[in-house]
Amino acid sequence: MYIFSATGIAKHDMDDIKEGQSMPFIVYVNFQDLFGAEQLCKIYLYKSGFTEVEIEKRKLVEAKLLSDKRVLAADKVLKEAVESGYSIQMFDEA
């Protein structure tokens with residue numbers, strides 16, 4: 001699994017986000033290959049309504065952490081990514 005720090009620009013107005021606004025994300029992608037995980041990260045953000053996705057940072061999550069029940073219990077986002085294949089967290093820039 002990989003964790004990405006990325007930004008994307010909103011294609012249209014959504015809730016508290018205006019069209020053209022840049023938003024930061026943390027995206028967890030449960031995929032073994034870095035190139036493939038990066039592409040999936042971009043696709044997930046495109047499907048969520050964001051364009052011009054830029055990945056700033058990437059980190060590999062060790063396999064032993066993904067099978068540790070204590071780690072998964074403590075990190076709900078990581079657990080969601082393990083179960084569903086990915087998870088997206090958006091951050092407010094304010």
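Q: What makes a residue buried, exposed or partly exposed?
A: Buried means under 20% relative accessible area, exposed over 50%, and partly exposed in between, with a 1.4 Å probe and protein chains only. This is a predicted model, in which local features need pLDDT of at least 70, side-chain atom pairs count only at pLDDT 80 or more, and totals for chains, interfaces and linings use all residues. Residues are numbered from 1 along each chain as its sequence is written, and side-chain values use heavy atoms, with hydrogens and water left out.

Q: What makes the rings of Phe-25 and Phe-50 a pair, and of which kind?
A: Rings of Phe, Tyr and Trp (its six-membered ring) pair if their centres lie within 6.5 Å; planes under 30 degrees apart count as stacked, over 60 as edge-to-face and the rest as tilted. The centres of Phe-25 and Phe-50 are 4.8 Å apart and the planes stand at 75 degrees, so the pair is edge-to-face. Both Phe-25 and Phe-50 are buried.

Q: How do you know that Arg-58 and Glu-38 form a salt bridge?
A: A salt bridge needs a side-chain nitrogen of Lys or Arg within 4 Å of a carboxyl oxygen of Asp or Glu. For Arg-58 and Glu-38 the N to O distance is 2.4 Å. Arg-58 is partly exposed at 41% relative accessibility, whereas Glu-38 is buried at 14%.
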